[in-house]
Amino acid sequence: MGKWYKKSVSLVASLVVAGSLFAAPVGAAPNTANPAVEKALSVEIEEATIFELQHEMQKGALTSEQLVQYYLDRIDEYDDSINSIITIDDDVLSEAKQLDMERKVGKVRGSLHGIPVILKDNYDTYDMPTTAGSLSLEGSIPLDDAYQTQKLREEGAIILGKANLHEFAFGFQTYSSLGGQTYNPYDLTKYPGGSSGGTAAAVTSNFATVGLGTDTGGSIRIPSSFNNLVGIRPTMGLASRDGIIPLALTQDVGGPIARTVEDAAIVLDAIAGYDPADPVTEESIGKVPKTYTHYLKKNGLKNAKIGVIRGLFGTDPQVNKAMDQAIVDMEKLGAEVYVVTIPNLNEILAYPSLSSYEFKSQLNHYLASLGSEAPVKSLTDIINSEKYHPSLKNALISRNNMGPLENNEDYLEIITNRPKLTKESLMITFNENDLDALVYPTSNALPATVGGGQGAGNANRLSPFSGFPAMSVPVGFSDDGLPIGMELLGKEFDEPTLIKLAYSYQEGTKHRGAPVLQ
């Protein structure tokens with residue numbers, strides 16, 4: 001763990017002077033350590049959006065230092081039971097003070113100035129370890145920031161710390177040898193989704209304002225669904241992967257995990273764009289709008305055309321009930337909704353993920369970038385160290401046995417035919433019906449009980465197999481209070497349309513509800 005902070009009553013109490021600014025969220029957790037302070041404080045910060053927090057800081061009612069301290073106190077109070085955080089930055093309060101001083105003299109770096117962000121612990125940070133949740137990388141500090149980390153800092157964001165993940169981003173349960181098991185804040189007996197489950201659990205618990213996750217085959221969208229959050233998997237090429245520990249670069253992307261669509265849009269503004277260190281981002285040139293926040297339109301569903309892929313629904317009656325209601329609600333908000341069929345869907349979904357092929361060579365390349373101080377130099381070193389979660393042993397060994405990819409006929413067939421078939425089949429459906437987006441359950445299963453398996457279906461494959469953007473938004477809860485999400489899939493670089501539709505749906509339904517923490 002990183003350095004933890006003792007509660008500062010003076011910092012927290014100073015917020016009482018500002019008075020009550022926002023209504024307390026339904027289901028907000030009481031601060032048992034100091035109820036009197038919570039009465040004045042939680043209505044100001046808990047569940048507040050970036051826009052709201054910036055407004056309060058700009059008028060002097062709130063400082064970044066106070067905001068950081070608030071989140072540190074919540075982590076100290078509640079994360080022992082959730083176990084979402086691996087590391088806290090030792091210097092986070094000093095960074096907040098510096099940003100407060102800059103604001104006082106009229107220097108505001110950007111839309112995230114003074115906003116605390118939590119990163120999945122596979123994003124490089126020059127000032128904190130980056131471990132992928134593995135004991136084999138404990139204490140490994142990269143030479144510089146990941147591109148997306150750097151862009152956040154340029155916008156004035158504070159990197160509060162690093163969140164747990166399913167080790168090396170291998171699965172949906174979010175457990176690791178370094179971070180242990182992360183639990184779902186809505187039910188501590190359930191999984192939080194994965195592999196970005198630590199980021200999602202932290203954001204939904206109000207341990208930070210927003211977060212970043214990564215997604216190879218559902219790892220932003222599924223934890224967003226399981227934690228009543230908004231998660232964006234961007235178009236392949238919109239945001240650089242430089243400095244992110246890879247799983248399979250043919251499918252890997254990084255993106256925002258947030259409590260609201262507007263927060264996700266602000267973070268996407270910060271991280272999108274061309275990076276020479278990641279050549280695929282050249283595709284984004286000329287395709288990034290001035291700001292994605294221009295598409296936050298309450299009437300965004302009016303006259304929209306939505307295609308529902310019933311073939312991606314599962315058998316869980318509560319997930320399907322929530323989706324059926326979401327369809328009704330979208331129609332009430334002005335959308336035309338059609339049931340559509342994707343050509344070649346079964347053939348597309350039968351393709352495997354490429355993590356079993358690409359992980360070895362790409363991880364070894366990443367480890368080489370760490371320089372001479374790297375704790376391990378190769379996947380072989382990791383296996384020999386035995387410093388990893390025991391459940392990963394067979395997967396690590398099988399990946400390490402993978403030979404050169406340029407001679408692997410199965411791999412070459414997949415990378416040649418899978419994207420072509422997926423893109424063409426999706427575009428046939430989009431064009432024949434003049435659709436703005438396709439929708440289906442983010443996960444066709446609810447969060448499962450810790451200790452068992454976690455299903456999610458295979459709908460999450462359409463976005464990584466095509467490179468098209470996808471976005472998960474909350475659509476309600478099960479009878480037992482477990483969150484359910486809906487995925488919207490858009491055309492290449494059409495994040496603006498997804499944001500417009502998602503924001504309209506969010507504002508028309510108000511499905512966000514904070515967990516009651518204990």
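Predicted model: local features only at pLDDT ≥ 70, side-chain atom pairs only at ≥ 80, totals over all residues.

**Entry 1: one side of H3**

I started with helix H3, residues 50-58, and listed its buried residues: Ile50, Leu53, Gln54, Glu56 and Met57. They span an arc of only 165° around the axis, so they sit on the same side of H3. After H3 comes Gly60, and I noted its phi as positive, near 90°.

**Entry 2: H4 against H5**

How are helix H4 and helix H5 set relative to each other? I looked up H4 (residues 64-82) and H5 (residues 92-104) and found a packing angle of about 155°, with the axes 7 Å apart. Angles over 145 degrees count as roughly antiparallel, and therefore H4 and H5 are roughly antiparallel to each other. On the H4 side I wrote down Ser64, Glu65, Val68, Gln69 and Leu72. They meet Val92, Leu93, Ala96, Lys97 and Asp100 in H5. Sorted by class, this contact has five nonpolar, two polar and three charged residues.

**Entry 3: the sheet**

Next I traced an open sheet of eleven strands with mixed pairing. Which strands are at the edges? They are strand S1 (85-88) and strand S10 (336-339), each pairing on one side only. From one strand to the next, the twist averages 30°.

Strand S6 (residues 210-215) and strand S8 (residues 253-258) run antiparallel and are joined by five bridges. Here Gly211 stands opposite Ile257 in S8.

**Entry 4: helices on the sheet**

Helix H9 (residues 261-271) packs on the sheet, and I found it touching S6, strand S7 (230-233), S8 and strand S12 (470-477). The direction of H9 makes about 150° with that of S8. I also looked up helix H17 (residues 495-509), which runs at about 10° to S12. H17 lies across S7, strand S9 (305-308), strand S11 (437-441), S12 and strand S13 (483-489).

**Entry 5: H12 against H14**

Which residues make the contact? From H12 I have Ser355, Ser356, Phe359 and Lys360, and from H14 Leu396, Arg399 and Asn400. By class, that contact of H12 with H14 divides into two nonpolar, three polar and two charged residues.

Conventions
Residues numbered from 1 in each chain as written. Heavy atoms only, no water. Axes fitted to C-alpha atoms, helices over the stretch in contact; angles between N-to-C directions. Helix = DSSP H or I, 4+ residues; strand = E, 2+ residues; numbered from the N terminus. Parallel < 35°, antiparallel > 145°, perpendicular 65-115°, else oblique. Contact = heavy atoms within 4.5 Å. Nonpolar A, V, L, I, M, F, W, Y, C, P; charged D, E, K, R; others polar. Buried < 20%, exposed > 50% of the residue type's maximum accessible area, 1.4 Å probe, protein only. Arc of directions from axis to C-beta. Pairing = 2+ DSSP bridges.
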